[in-house]
Amino acid sequence: MTDKNYDVERLNRTQEMINKMDPVDIADKLEILPEKDVAIWIKLLKKDLLADAFTELKPENKARIVNILSEEKIKDLVRDLDEDELVDTLQELPANITKKLMTFHIDKDRRKVVNELLGYPKESVGSIMTVNFLSVKENISPKQALDKIMESDLDAEKLEQIWLTNNSLVLIGFVYIADLLRYQDKSLNELANSISVTVNPNDDQEVVAKLSYKYDLGEVPVVDSENRLIGIVPAEDVIDVAHEEFQEDMSNITGISDNSDSYLVESSFKIAKTRTTWLIICLLTATMTGFIIHKYESLLASAVALTAYIPMLMDSGGNAGSQASTTVITSLYRGDIEFKDFFKVILKEASIGLITGVILVVINFIRLMLMDQAQIGVNLTVSITLLLTIIFSKVMGGVLPLMAEKFNIDPTVMAGPLITTIVDTLVLLIYFEVASILLGL
C-alpha cells in the first residue's frame, strides 16, 4: 500500500470517527488541536455538525476557527447557525470579524433579524430567544399542519411542539406533533394545550429559568405587549441560563467574581483581583467590630473570660444567618415566597431561631460548666447572647434577601461574607450589652 493510499484511508477513518462524535466533544478537540489539524477536521466535518460544535467553543477559539475557514466555509457556517446562535457569536467575536460577517456573509433579510436581537439588553430574554420556531393558525386542519411541518427546514428538536395562534398571531396554545399524527380527525383547538406562562423579551433571563423549573417547560414562549408570539427559549438555552445564574449566585454567596474561563486557564492575577475586592470590603466593614471592642475595652479588662467566647458567638451568628439566607434565596428562586411574605418570614425564622437557639444554649451551658468551669454569671451571659444571636441572625438572614429582591438587587449578594460581617458587628453589641447588665460592669 502506498503512502498516498494510506493517507486517504486514514483520512476516511478520521472522517467517519469525528462525524459520529458529539458536538461538545468536537469543540473540546478543536480547542486543543494544532491549527493544521483543525483545518483538516473542518474539511472533514459535516456542515451542520461543524455549526453545532462551533457554538460550543470559547470566544477566542471561535475567532481562531473563523480565521482558518475559507470564505465558502464561513458562508456555510453562518447559514447553519440559528439566529440566536449567530447573535451570541457576533457578540463574542472581535469587532473586525463581526463587521466582516455582517457585511459579507449575512443576507439583508437575516441581518434585520440579527440586528433586532442584538438590540436587546445583555442577559435579557430577547438576547437568548430564538426566532426559529413553527406556528400554525388555529383554523387549519391537522393534515395541513403536518404538511407545513414536512415543508419546514427546522431541526427535529424544534418541531416537537407546534405553536398555535389566531389570525392576528396572538398565542393560543401549542400542539404536540405526536397528537397531530394520532388524532387527525380532531381540530387543532381540540388538540391544543394551554399556555402555562409567557415571558417578555425585555424580562431578565433568570425569569425563564425560574418559570421553566416551576412549570417543567421544555420551551418557554416569548410574546410582545399584545401577546403575539415572537420567539421561544428552548430547553438547552434554559439549562445554559440556569447554569450561568447558578455560577453568578455562587459567586455572590462566596464573595468572589464569576470567571467565565476555566480555573486553570484563568491568570492567578485576575483571580486574586476578583477575590481581593470582597476581602477589602469585609476588611473595612470589620473595622466596626474593632471599634466596638475598643469601646468596651474596660468591660473586657474586668471580665477577661468573656474574650474567649467572642469567636464562638460570631461564628454561630454568621453560620445561622447564612443558613437562613440560603433557604430564603432558594425559596425565592422557586417562587415559594415573595416580598409580601416579609412578616411571615420574620415569624418563621424567629421561631426556628428560638428552637435552634435553645438547643445550642443547653449544650453550650453544659459544656461551659463541665469543661471550662465558667462562673455562673459568665455562663449566663454567653448563653443569653447565644440565644439572642441565633434568633437575630436567622431573622436577618431571612429578611435581607427579601429586601434585596424588593429593590431589584440580586438576593445572593446578601448571603455569605456580607451577612456574616453585619451579624458579627451586631453580635458584639448584644454580647457586651448583656454582659454589662448581668455582670454589672
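In what order do the strands of the open sheet of 3 strands stand? The order is β1-β2-β3, with mixed pairing. This is a predicted model, in which local features need pLDDT of at least 70, side-chain atom pairs count only at pLDDT 80 or more, and totals for chains, interfaces and linings use all residues. Residues are numbered from 1 along each chain as its sequence is written, and side-chain values use heavy atoms, with hydrogens and water left out.

**The three-stranded sheet**

- Helices (H or I, at least four residues) and strands (E, at least two) are DSSP runs, numbered from the N terminus.
- Two strands pair if DSSP finds at least two bridges between them.
- Strands of a sheet pair through backbone hydrogen bonds, either parallel or antiparallel.
- The edge strands are β1 (135-137) and β3 (171-176), each of which pairs on one side only.
- Neighbouring strands of this sheet are turned by 35 degrees against each other on average, direction ignored.
- β1 and β2 run parallel and are joined by 3 bridges.
- Lysine 137 has threonine 165 in β2 as its bridge partner.
- Strand β2 (residues 161-165) pairs with β3 in the antiparallel sense, over 5 bridges.
- Across from tryptophan 163 stands phenylalanine 174 in β3.
- Threonine 165 stands opposite leucine 171 in β3.
- β2 and β3 form a hairpin with 5 residues between them.
- In the turn of this hairpin, leucine 169 has a positive phi of about 70 degrees.

**Burial of β2**

- Buried means under 20% relative accessible area, exposed means over 50%, and partly exposed lies in between (1.4 Å probe, protein chains only).
- β2 is mostly covered, with 5 of its 5 residues buried.
- Gln161, Trp163 and Thr165 point one way from β2, while Ile162 and Leu164 point the other way.

**Packing of α2 and α4**

- Helix α2 (residues 23-32) packs with helix α4 (residues 47-54) at an angle of about 70 degrees.
- Their axes are 8 Å apart.
- Axes are lines fitted to C-alpha atoms, for helices over the stretch in contact, and angles run from 0 to 180 degrees between N-to-C directions.
- α2 and α4 are therefore roughly perpendicular to each other.
- Angles under 35 degrees count as roughly parallel, over 145 as roughly antiparallel, 65 to 115 as roughly perpendicular and the rest as oblique.
- Pro23, Ile26 and Ala27 of α2 make the contact with Leu49, Asp52 and Ala53 of α4.
- Contact means heavy atoms within 4.5 Å.
- By class, the contact of α2 with α4 has 5 nonpolar, no polar and 1 charged residues.
- Ala, Val, Leu, Ile, Met, Phe, Trp, Tyr, Cys and Pro count as nonpolar, Asp, Glu, Lys and Arg as charged, and the others, Gly among them, as polar.

**Nonpolar cores**

- A nonpolar core is a set of buried Ala, Val, Leu, Ile, Met, Phe, Trp, Tyr and Cys residues joined through side-chain atoms within 4.5 Å.
- The largest nonpolar core has 50 residues, and Ile26 and Val233 have the most contacts inside it.
- α4 supplies the largest share of this core, 5 residues.
- A second, separate core has 27 residues, including Leu300, Val361, Leu368 and Leu400.
- Among the residues that valine 233 touches are Val125, Ile128, Met129 and Val208, not counting residues up to four places away in sequence.

- Aspartate 216 has a positive phi of about 55 degrees although it is not a glycine.
- Aspartate 216 lies in the loop between α14 (205-215) and β4 (219-223).
- Aspartate 216 is exposed, at a relative accessible area of 68%.
- Asparagine 227, also not a glycine, has a positive phi of about 65 degrees.
- The loop between β4 and β5 (229-234) holds asparagine 227.
- Asparagine 227 is partly exposed, at a relative accessible area of 29%.

- Threonine 381 is found in helix α21 (residues 376-406).
- Threonine 381 is buried, with a relative accessible area of 0%.
- Threonine 381 touches residues including Leu306, Tyr431 and Val434, not counting those up to four places away in sequence.
- Arginine 79 lies in helix α6 (residues 71-80) and is exposed, at 53% relative accessible area.
- Arginine 79 and glutamate 433 are 354 residues apart along the chain, with their C-alpha atoms separated by 71 Å.
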